[in-house]
There are 2 protein chains.
Amino acid sequence: MTLDETRFAVVAGTTETAAIDGISGIGTTPELIAHTPRADLEIVEYGRVVDSPVVPIDPDGGPTPAVVTRVAHELLGFETTLVDAGMAEDGPVPTVTVGETSGEDIRNVDPVPNAADVYRSARRLGRSFPEERLFVGETIPGGTTTALGVLTALGEDIGVSSSLPENPVELKRRVVDSALDSNELAEGDAANAPLDAVQSAGDPVLAGVAGLAVGALSTGTEVTLAGGTQMLAAAALVRHAGVTSPLSVATTSFIADDESTDLRSAADRLDVSMTVSRPRFDGRNHVALERYRSGEPKEGVGMGGALALLDDAEVSASQFTDAVVEISDRLLEATDLSIDRVQATD
Amino acid sequence: MTLDETRFAVVAGTTETAAIDGISGIGTTPELIAHTPRADLEIVEYGRVVDSPVVPIDPDGGPTPAVVTRVAHELLGFETTLVDAGMAEDGPVPTVTVGETSGEDIRNVDPVPNAADVYRSARRLGRSFPEERLFVGETIPGGTTTALGVLTALGEDIGVSSSLPENPVELKRRVVDSALDSNELAEGDAANAPLDAVQSAGDPVLAGVAGLAVGALSTGTEVTLAGGTQMLAAAALVRHAGVTSPLSVATTSFIADDESTDLRSAADRLDVSMTVSRPRFDGRNHVALERYRSGEPKEGVGMGGALALLDDAEVSASQFTDAVVEISDRLLEATDLSIDRVQATD
């Protein structure tokens with residue numbers, strides 16, 4: 001299959017769940033949580049942050065996985081589609097809107113009241129893609145917790161990963177338990193009712209990813225969900241919607257090796273094939289490459305799928321790392337300017 | 001300059017002015033007028049109509065210029081950005097929204113009350129583009145009449161072209177006279193007040209195109225407005241906003257040769273350089289190619305700019321016509337299905 005026949009969608013959104021103390025490794029304040037998906041989309045679209053007041057790289061070079069997906073887009077030339085499933089704010093990035101509102105904290109009743117609408121809009125979009133192959137990534141701070149919520153509600157419990165070096169699994173489980181209590185659900189009560197699972201314990205991005213996948217599969221498009229736990233949760237939603245078409249998940253070795261998840265057996269159970277890519281960030285000394293090598297970040301913004309496409313296309317390691325360094329340097333430079341940039345925004 | 005450093009934006013919107021009997025050669029009913037910009041964006045994004053209930057090609061092969069812009073995108077690989085300046089309806093196409101509402105009939109008072117908001121949002125988007133070169137096209141049925149309105153309000157009267165074989169110039173002038181009367185403006189009263197000109201006698205797409213151009217020029221991006229009369233009107237708005245940077249218009253020979261316009265002298269007066277491309281639809285017999293050869297359509301969706309880029313890249317005539325035929329055939333086939341498609345839309 002040629003890259004001309006490949007489209008890479010990234011579904012972006014927010015959930016107030018990310019604001020729970022200790023949950024999210026991406027943003028630490030509500031403002032950062034709101035800005036991160038938007039900045040990630042700017043990086044995928046433009047290869048830099050063009051308008052977001054926040055640059056998702058820390059001054060020590062701690063990077064966003066969006067850089068890897070952008071590098072794949074630049075080097076391979078496939079089409080991208082950015083999907084807004086409920087971002088907290090708009091930016092100058094072209095998106096298809098499938099949802100208008102952020103997800104609430106899942107400890108509330110009905111944290112995603114528009115789950116069915118988001119799913120249906122995304123399904124319609126997924127049916128529209130003319131290419132033979134679709135990859136789907138996501139960007140939503142706090143998304144692994146809501147993924148755990150959905151998996152638990154569906155009765156498909158697996159471990160759960162995190163973008164934090166120290167994975168606060170116990171905290172995530174407590175939040176999910178509280179979500180199920182608030183929504184009067186026991187584990188597995190939402191089996192075969194995927195929209196109920198999202199509405200009661202998920203986030204709008206999961207509804208969007210599942211809808212895209214179901215829509216694309218219905219027109220014979222090959223679908224790869226690019227990511228870790230969140231994409232397993234989306235795959236579970238697809239299966240619990242009664243769709244039995246072949247489906248793949250592509251993720252990184254950081255996720256697949258993570259002791260707190262058992263992705264492979266979960267994938268088997270869901271009849272989902274799994275591709276694991278080991279990122280090749282070697283060959284050059286650079287602060288961003290070191291951070292990527294250490295598995296920070298582990299996944300996100302479709303990084304595992306981007307790496308799989310780069311592997312297939314036999315892009316050389318040096319071409320890849322050069323492009324990662326170029327974009328990371330641009331982001332680090334923008335970080336220096338970001339305070340001015342916030343003030344200059346009109 | 002490489003095509004990597006080129007971005008092609010298409011600004012889409014609607015104006016109720018198009019519904020005036022005899023004005024628009026594109027859509028004939030309010031429904032068609034609303035659907036056409038959306039279908040054009042689908043063609044630019046996907047090379048086919050994926051969701052629009054209307055296919056902008058008639059059963060005799062009368063085609064949309066969107067096909068030419070799509071062909072340039074496919075063959076040359078530049079990035080595109082689709083901009084919603086007030087479309088009547090959403091579709092599964094990624095857009096940056098700069099305006100939320102259609103323009104009203106310009107014979108009403110304040111037909112574009114949000115002109116300043118659209119302009120500012122588009123300017124911000126234009127500042128965001130990292131590429132060295134920006135092309136801007138448009139799709140808005142009835143847009144030549146509102147362009148004449150803006151030019152008249154600015155005191156930059158030139159002739160005006162039309163997508164209809166028989167150009168209803170007299171009708172357009174009567175509509176513009178009525179618009180100026182309703183808005184208590186004499187010819188030239190809005191000189192140096194471009195937003196007043198749009199608000200009183202224009203359409204939201206013109207505000208969007210002018211904003212994009214001013215934003216991009218402010219960051220040193222080279223800007224080419226791709227189109228005929230409407231892009232001259234947008235160029236006039238840029239000049240009346242006090243922006244003196246170099247600016248180009250690229251259009252087709254159909255427009256440049258049109259007796260009812262004097263685009264070249266208007267461009268000189270506005271200090272705008274002008275590129276005219278003669279489309280090469282020869283070498284093959286096909287109903288769509290014949291219609292293009294006869295100058296139907298003359299311009300739209302950035303066709304003149306797309307042709308200029310194809311000329312620069314020295315794409316062969318046969319490669320070009322083969323791609324036009326492929327997409328046109330796909331649209332003709334979709335036309336046969338379009339009644340079913342309307343009924344199947346959920």
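In the predicted model, A:D90, A:E100, B:D90 and B:E100 gather in a patch of negative charge on the surface. Such patches comprise residues with over 30% relative accessible area and no salt bridge, like charges being joined within 9 Å and nonpolar side chains (Val, Leu, Ile, Met, Phe, Trp, Tyr) within 5 Å. Asp and Glu count as negative and Lys and Arg as positive, whereas His and the chain ends are not counted; the place of a charge is taken as CG of Asp, CD of Glu, NZ of Lys or CZ of Arg. Accessible areas come from the Shrake-Rupley method with a 1.4 Å probe, and for residues only the protein chains shown count as cover. Helices (H or I, at least four residues) and strands (E, at least two) are DSSP runs, numbered from the N terminus. A:E100 is exposed, with a relative accessible area of 67%; exposed denotes over 50%, buried under 20%, and partly exposed the range in between (1.4 Å probe, protein chains only).

As the model is predicted, local features need pLDDT of at least 70 and side-chain atom pairs count only at pLDDT 80 or more, while totals for chains, interfaces and linings use all residues. Residues are numbered from 1 along each chain as its sequence is written, chains are lettered from A and ligands numbered from 1 in the order in which they are written, and side-chain values use heavy atoms, with hydrogens and water left out.

The structure holds 30 salt bridges over all chains, a salt bridge being a side-chain nitrogen of Lys or Arg within 4 Å of a carboxyl oxygen of Asp or Glu. B:E45 forms one of these with A:R7, the closest N and O atoms being 2.8 Å apart. This pair crosses between chains, from helix 1 (residues 30-46) of chain B, which holds B:E45, to strand 1 (residues 6-12) of chain A, which holds A:R7. B:E45 is buried at 5% relative accessibility, and A:R7 is buried at 0%.

Within chain A, A:D322 and A:R284 form a salt bridge whose closest N and O atoms are 2.7 Å apart. Because A:D322 lies in helix 13 (residues 317-344) and A:R284 in the loop between strand 7 (273-277) and helix 11 (287-293), the pair ties together parts that are 38 residues apart in sequence. A:D322 is partly exposed, with a relative accessible area of 38%, and A:R284 is partly exposed at 34%.

In chain B, the side chains of B:D51 and B:R38 meet in a salt bridge with an N to O distance of 2.5 Å. B:D51 belongs to the loop between helix 1 and helix 2 (66-76) of chain B and B:R38 to helix 1, so this pair ties together parts that are 13 residues apart in sequence. Both B:D51 and B:R38 are buried. A network of salt bridges links A:R38, A:E42, A:D51, A:E89 and B:R124.

In helix 2 (residues 66-76) of chain A, A:T69 is buried, with a relative accessible area of 1%. Apart from neighbours within four places in sequence, A:T69 is in contact (heavy atoms within 4.5 Å) with A:F8, A:V44, A:F78, A:V301, A:G302, A:M303 and A:A306. Helix 12 (residues 303-312) of chain A is mostly covered, with 8 of its 10 residues buried; among them are A:M303 and A:A306. This helix is followed by A:E314, whose phi is positive, near 55°.

In strand 5 (residues 222-226) of chain B, B:T224 is buried at 8% relative accessibility. B:T224 touches B:L134, B:F135, B:V136, B:S248, B:V249 and B:A250, residues up to four places away in sequence not being counted. The C-alpha atoms of B:T224 and B:G137 are 9.0 Å apart, although 87 residues separate the two in sequence.

Several backbone features were also identified. The peptide bond from A:E296 to A:P297 is cis, with omega near 5°, and A:P297 is found in the loop between helix 11 and helix 12 of chain A. In chain B, the peptide bond from B:E296 to B:P297 is cis, with omega near 10°. B:P297 lies in the loop between helix 11 (287-293) and helix 12 (303-312) of chain B, where B:V301 is also found. B:V301 has a positive phi of about 50° although it is not a glycine, and B:V301 is buried, with a relative accessible area of 2%. Phi of B:E184 is positive, near 50°; B:E184 is found in the loop between helix 5 (169-182) and helix 6 (194-201) of chain B and is exposed, with a relative accessible area of 71%.
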